[in-house]
Amino acid sequence: MAPLQDTRQQNLMLGIGKYIKKNTNFPTFVQRRIFYSRNLYNLLTADASTRDYHYIDRHVYGMNYFFNVVPEYKLIYVEVSKAGCSTVKSILSNVCYGHDFKDQFYLYHRRESSGLKSPEMIGPEGFCKMLRDPETLMFTVVRNPYLRLQSCYSDKFAGVPWDAPDDHFMKQYRKNNQFTQPDTYVSNNAITFDQFIKYACATSKKMLNNHWNLMSANVPKSVPSIHVAKLETLNEDIKPVADRLGVDAQLFSPRKTAVNTTGSHAYGSLWTSDLVKRVQTAYREDFTRFDYPLEFPGTTTN
């Protein structure tokens, strides 16, 4: 019979075993060390395009989600939610790949059906080649922050019961809302416009949801040549893209093709001076970067 191990060694082994069993962070830590070691090796042995690709991916928020690549036309569309993205993606999908889903606009947001590709689908070499190509046109569409928030409330929150069990946006609201305790709500009642604006302003920089995140978070600051079009003047601003596609800029007209639009004064009577000040503070970077006036485009109540 083999001799027993030293008692101290047995206790040490037993202690490590109990720690691993009880402390779930231990295996996670080991897995992370292995993961980062492998990635560091892959990065050091990768070609220049792969290294550039991973560098960009680390420094650009949601690159493989928000970047829509059309290599055939050397176009890269950086989408901003609630700023005409459904309209732009539907036109790109239709003109470039012949897809027409009628009123099923959700299909334009699925890469397998729209034809629009992510940088990952293009591959590091192809994507970086496009970025270096002076003929590549990278563009985005932005929107007045006040009207963007109005559209978000109208499309995602208005009329939806706050306790709706399967609604993704309400689940987020219930989890992250800091202003009103759930027991003050009446079942089947929707949250008010006032409650939503306060909630959006409090979480605009937390990357909680791209429908009311700062637009600046989506649009990379490291790409000075990105063409910025405004939804309010889209027919004029989108001309470089329309020319590239060989179509009339009027095709992009929000009045003809836009989805989930909200009239500029649909909620005018609900905007208070307090809400306006909150938006000016929370979204100041968007107002400044995309040259929108801080003043609310209408009248407010006290």
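**Stop 1: the hairpin**

Select strands E1 (residues 67-70) and E2 (residues 75-78): four bridges join them, and they run antiparallel. Strands pair here if DSSP finds at least two bridges between them. Helices (H or I, at least four residues) and strands (E, at least two) are DSSP runs, numbered from the N terminus. This is a predicted model, where local features need pLDDT of at least 70, side-chain atom pairs count only at pLDDT 80 or more, and totals for chains, interfaces and linings use all residues. Residues are numbered from 1 along each chain as its sequence is written, and side-chain values use heavy atoms, with hydrogens and water left out.

Pick phenylalanine 67. Its bridge partner in E2 is valine 78.

Now show the side chains of E1. Which residues point one way, and which the other? Phe67 and Val69 point one way, while Asn68 and Val70 point the other way. All of these are buried. Buried means under 20% relative accessible area, exposed means over 50%, and partly exposed is in between (1.4 Å probe, protein chains only). In a regular strand, side chains alternate between the two faces of the sheet.

**Stop 2: lysine 74 and its partner**

Move to the turn. The hairpin has four residues between its strands, and lysine 74 takes a positive phi near 55 degrees. Most residues other than glycine have a negative phi.

Aspartate 133 and lysine 74 form a salt bridge, with the closest N and O atoms 2.9 Å apart. Aspartate 133 lies in the loop between H8 and strand E3 (137-142), and lysine 74 in the loop between E1 and E2, so the pair ties together parts that are 59 residues apart in sequence. A salt bridge is a side-chain nitrogen of Lys or Arg within 4 Å of a carboxyl oxygen of Asp or Glu.

Are these two buried or partly exposed? Aspartate 133 counts as partly exposed, at 22% relative accessibility. Lysine 74 counts as partly exposed too, at 28%.

**Stop 3: helix H8**

Select helix H8 (residues 124-132). Phe127, Cys128 and Met130 are buried here. They cover an arc of only 155 degrees around the axis, so they are on the same side of H8. The arc is that of the directions from the helix axis to the C-beta atoms. The face away from the buried side carries the exposed residues Glu125 and Lys129.

What covers the buried residues of H8? The cover includes H3, H4, E1, E2 and helix H7 (119-122).

**Stop 4: tyrosine 61**

Go to the loop between helix H3 (48-59) and helix H4 (63-66), where tyrosine 61 is found. At 30% relative accessibility, tyrosine 61 counts as partly exposed. Not counting residues up to four places away in sequence, tyrosine 61 touches Phe66, Met207, Asn213, Ala217 and Asn218. Contact means heavy atoms within 4.5 Å. Then select serine 216. Tyrosine 61 and serine 216 are 155 residues apart in sequence, but 9.9 Å apart in space, C-alpha to C-alpha.

**Stop 5: rings**

The structure holds 21 aromatic pairs. Rings of Phe, Tyr and Trp (its six-membered ring) pair if their centres lie within 6.5 Å; planes under 30 degrees apart count as stacked, over 60 as edge-to-face and the rest as tilted.

Select tyrosine 146 and phenylalanine 296. Their ring centres are 5.2 Å apart and their planes are at 90 degrees, so the pair is edge-to-face. Tyrosine 146 lies in helix H9 (residues 145-157) and phenylalanine 296 in the segment after helix H17 (284-289), so the pair ties together parts that are 150 residues apart in sequence. Both tyrosine 146 and phenylalanine 296 are buried.

Next, pick lysine 230 and tyrosine 292. The charged end of lysine 230 sits over the ring of tyrosine 292, 4.4 Å from its centre. A charge sits over a ring if NZ of Lys or CZ of Arg is within 6 Å of the ring centre and within 35 degrees of the ring normal.

**Stop 6: two positive phi values**

Select lysine 82, in the loop between E2 and helix H5 (85-97). Its phi is near 65 degrees, a positive value in a residue other than glycine. Lysine 82 counts as buried, at 8% relative accessibility.

Finish at aspartate 291, in the segment after H17. Aspartate 291 has a positive phi of about 60 degrees. Aspartate 291 counts as exposed, at 59% relative accessibility.
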